[in-house]
Amino acid sequence: MSISRRAFLRSSAAVAALSLALPEFAFAQTKAEAGGTLRVAVDQAISVIHPLLTRVNPEYLAVELLYSGLTRLGVNMQPEPDLATSWESNDDLTEWTFTLREGVKFHDGSPCTAADAVASFEAILNPEMASPARNNVGPIDKIEAVDDTTVRFTLSTPYADLPVALSYNNARIIPAAVISSDFQSLRSKAVGTGPFKLVSYEPDRLLVVERNPDFYDPERPYLDRIELHVFPDLGAQISSLISGDIDMVSTVAPNDFMRLEGQDGIDTLRAASGQFCNVNFGTDIAPFNDVRVRKALALTIDRDAMVDFMTEGFGTKGNDTPLNESYPFFKALPQREKNIEEAKKLLAEAGFPDGFTAELVASDRPAIRTQLAVALKEMAKEAGITINVNTMPHATYLDQVWTKGAFYVGFYNMQPTPDGILKLLFTSDAAWNETRWNNKTFDDLVAKARAVADPAERTELYTQAQQLMHDEVPSLIPAFFDVLGAKRSWVQDYQIHPRASVFRLDYAWLNTEAPTRKG
Amino acid sequence: MSASYILKRIALIFYTLVVVSLLVFAITQILPADAAVMMLGENATADALEALRQQMGLNDPIWLQYLHWAGGVLQGDFGTSLRTGQPVGPALFSALGTSLTLAAFALVFMLLLAIPMGIIAAVRRGKFADLSVSFISYIGVSLPEFVTATLAVVLVADWWKLLPPAGYVPLTQDFWGGLERLILPVIVVSVMMIAHVSRMVRSELVDVMHTDYIRAARLKGLTPRRVLFRHGLRNALLPTITIVALDVGYLLGGVIVVEEIFSIPGIGRSLMSAIQARDLPVIQAGVMIMATTYAVVNFIADVTYAWLDKRIQYD
Amino acid sequence: MTDFLRRLFRTPQGLLGCLIVGLILLAVVAGSWVTPYGPNDMQALARYKAPSAAHWLGTDQYGRDILSRLLDGARSTVVMAVLATFIGTLGGAILGTGSAYLGGRADEFIMRTVDAVMAIPSLLLALLVVSLLGSNSANALLAIAIAFVPSMARISRSVALTVRKQDYVSAAVARGEGAAYIVLREMLPNVIAPIVVEMTIRVSFAVMLFATLSFLGLGAQPPASDWGLMVSEARQFLHRSYWILLWPSAAIALTAIGFNLLGDGLRDALNPRT
């Protein structure tokens, strides 16, 4: 029996557990109708449509419409076939073989074969190309085309999550010919195998795609056309949804969500998620190199109030680890609660009986970062810690503070797997080693967990890793956010994804109540 | 008005652009951001960054970079956006078109309201109409555009559902639909100018009506109506041209805010997102284009003024 | 002086303007002593409250008392605006008066350069300066001051040119006084009256420019209680509790109207022609 089959059986248990946490899980039963134009509001400019170089959710959405990966991520966080129809690994999880669909064509008519997949992953792994996917697709050592429809990945270390990792937003298949001739040309045109083709593209205003008649699934997509409208003002996109100008808003803020609830003809969408906003410590910089100081700060946080301040109740308490119920292989640790006495005691032990003063940097986007900083400032005051909040433009923050600073606010989408988020942020070799915590034991636990197929054993390892983080507090994670969205009721079969960066609009369709719009 | 006057004014436009270009280039040079990092993103390796810096000429002396950039601008090449990797010029010029549409509608709307308001206030000086106009103009200058815009959207779009709340449709694509979407932005961006210009018209007209020239016209036995329209207004409106032209600078600033709230893809939006993303070439080009617009509008206003002044001063 | 005040109070603008500005200055001076709550004290259980006996103007998204924040914010908002205007005016006045005094080529050069800088809309100039220096209140103050310099220079120069032709300046020149003396002692004082009028009116512009910078994320930063920042933060909570937006907007509007009225009153009192 192949690993992938076992993995599938195992994951169906996880799906059952997850579906309880996801209120929108039930699929609609009616048959999809083809046709129509869907207008989607996005809250940031679509600055980049190069599939290997996108960085923010609206860009991921655009690229998802135009390109395919080998696998794609289901709402249940399980890998589904995309260009690959099936996959299996050897027993020690170091060699994976993917079987590709036959007869798939790029938008320009050229065939998409194993050679294109190989070239795409080589480009992703090439540091010169600077693809953000490079750190997220797993420990790939070598990739080769066995034949026209078979691709083999050889890994440097065992990795159980490869099929999920390959569904990463930037891991898209593009023509080998484009990579070798003009890689950057995909910034302004699109040559993919996705369900839609690019019609027009203005980064700050509008991106239009139309149905790809040659898509590998003859049924999908149902929509003729999708328009992504850029709304820099959050209020404007909500007003436009209410007025019927827009059919769907990709991300909604909690207060807007409350405003939309109960409005006629509008469905609010909500999914529990592992998305969070945290406070990172530069654990190599005084006073945050002292565990007691970090823990003291963690103990000043009233987490129930924090959930309210940051999410208006559309979230869950965090326990200073990046994992929660939304992740597989998760087991909850005892919840840390506010304890000013204990915090003061720890501070005194660390040599700060009267507290200390620190500057907390928060970039201005999204605004939730500042909200966390301002709330923490007030809470820490009780333990005698004075926090001065320094807000700066995101670009300056990335340039000067991010991964270098001593005390700053981070914001992250949920990753598909525990391995994904831990390897992204907290291991010594993390792509974005924000805290420089560099804990050897922790690294070993994470490395061990990724090489294990047995779910019970993985859960145990991740729980130990969590415990270590919880004790040493390289980062304060006070709350997780639910992912919120909204649509007109005439939009069918769109499910909001806990990952917040996956949309699957090829499944969406419009019922007869939808207004007809000229193309 | 002589040819040398026009030549001098044109030379002035060029001087303006040189000063602005030096200023904006200096500012973007000191901005805390590394263009290469902005372009490649946080995942770039040090080698890749260094190679890009070489290629972009970021290691050249600053004066050389300036000359390269200015030379490009003169040939219509504004460089490549660090954010989108696409040429800056075409995108910005299409954005400028959008903004100019908005600004032109705002100017016309403003003049249609402000001039009659100013005239009524001046003619009925001290009376109820005058007080109402001053009341309106005090209120008009009392709130920043982003607040007026917010209130306008809530009242007109959300509550009364009279107009669409935001978005932009090119007039060439759907004239009425596009126009409908321009109404709120145009009103919001003109409110403050209406207040300003109506007051200017009022005070100019009050001044003019006190001059000997008007007294002479009255003594000639012309009807008060004729005195006002034939003589008073023509002289009072003349300085308004200059005032309105200077207000264009204010209008272009207001456009930044309004485009942000109403999701209009104009030059203000481009500049804002460029400033936020530290997209230096777009900042440079955007400021240059705004300054050019202002300079050209003022040039036209000055020439018109000089021309009209000759013709009607004391006819 | 009393004569001047009498003239000022006789015009409705002057009287009303003095009243409003006086009220605001009172809030600036005494405001933070009489706040019922700390301006940044959060109450998790009293968020988004409508006005009540406990919170006269209601509470905001963190359960902070809006009245306390308004009173506390008066200081930064108004003082910043006045200061920015003052610095900008002073810079402009020195430049404009100096240029008028120098005359000739130097005057031509200075004024053409000033005109050139004026081609950048003042909001945009302020935006550029703030992004250059970093976004906080102090830099926003400087940015607005800088943005005001060119137009103030222009105004001061035209006033100064009139003054320059006056006899006492010619007399000083004839006495052989130095340039600095003439500009500072003879010309500036006579240029001041019209400039003060312009300055008063500009304070309201400065308040709004500050607010707009905060809206664009480049002015005051949370948790500051600047009115403009309060309004721009409140926009997203508008549909839940419009009080949060209403009060600071009203405060801004009142300040702007107050300074505008006062400016008009001053103009009429100083120049009784119309």
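Two residues are in contact here if their C-beta atoms, placed from the backbone, lie within 7 Å. With that in hand, welcome to a set of close-ups of a predicted model.

**View 1. Chain B is built from helices.** Chain B holds twelve helices and zero strands, so you can follow the chain from the N terminus as α-α-α-α-α-α-α-α-α-α-α-α. Among contacts in chain B between residues at least 6 apart in sequence, 70% join residues at least 24 apart. The C-alpha trace of chain B spans about 85 × 55 × 35 Å along its principal axes. Of its 315 residues, 43% count as buried.

**View 2. Chain B meets chain A.** Here 36 residues from chain B come up against 36 residues from chain A. On the chain B side, the elements giving two or more residues are α2 (35-40), α7 (145-159), α10 (224-261) and α11 (267-277). Which of these elements gives the most to the side of chain B that touches chain A? That is α11(B), with five residues. Sorted by class, this side of chain B has 17 nonpolar, eleven polar and eight charged residues.

**View 3. Two domains make up the division of chain A.** Domain 1 of chain A covers 68-193, and domain 2 of chain A covers 272-482. Their C-alpha centres lie 33 Å apart. Where the domains touch, 13 residues of domain 1 of chain A are in contact with eleven residues of domain 2 of chain A. The domain 1 side of this contact has eight nonpolar, four polar and one charged residues.

**View 4. An open sheet in chain A has four strands.** Reading across the sheet, the order is β4-β5-β7-β6 (chain A), and the pairing is antiparallel.

View 5. Strand β5 (residues 95-100) of chain A runs antiparallel to strand β7 (residues 150-155) of chain A, and five bridges join them. Look for T97(A), which stands opposite R152(A) in β7(A). Helix α3 (residues 114-125) of chain A packs on the sheet and touches β5, β6 and β7 of chain A. The direction of α3 makes about 165° with that of β6(A).

**View 6. An annotated stretch of chain A comes from the UniProt record.** In an unreviewed entry, UniProt places the feature "domain: Solute-binding protein family" at residues 78-428 of chain A. Over residues 78-428 the chain is 28% helix and 25% strand. The end C-alpha atoms of this stretch are 27 Å apart.

**View 7. Chain C carries annotated transmembrane regions.** The UniProt annotation "transmembrane region", again from an unreviewed entry, covers residues 78-102, 203-222 and 242-263 of chain C. Residues 203-222 of chain C are 65% helix and 0% strand, and the end C-alpha atoms of this span lie 23 Å apart. Residues 242-263 of chain C are 95% helix and 0% strand, with end C-alpha atoms 31 Å apart.

How values were computed
Residues are numbered from 1 along each chain as its sequence is written. Chains are lettered from A and ligands numbered from 1 in the order in which they are written. This is a predicted model: local features need pLDDT of at least 70, side-chain atom pairs count only at pLDDT 80 or more; totals for chains, interfaces and linings use all residues. UniProt positions are given in the numbering used here, feature names are shortened, and annotations may be inferred rather than shown by experiment. Domain bounds come from an automatic or database domain assignment. Ala, Val, Leu, Ile, Met, Phe, Trp, Tyr, Cys and Pro count as nonpolar, Asp, Glu, Lys and Arg as charged, and the others, Gly among them, as polar. A residue is buried if 20 or more other C-beta atoms lie within 10 Å of its own, exposed if 12 or fewer, and partly exposed in between; C-beta atoms are placed from the backbone. Two strands pair if DSSP finds at least two bridges between them. Axes are lines fitted to C-alpha atoms, for helices over the stretch in contact, and angles run from 0 to 180 degrees between N-to-C directions.
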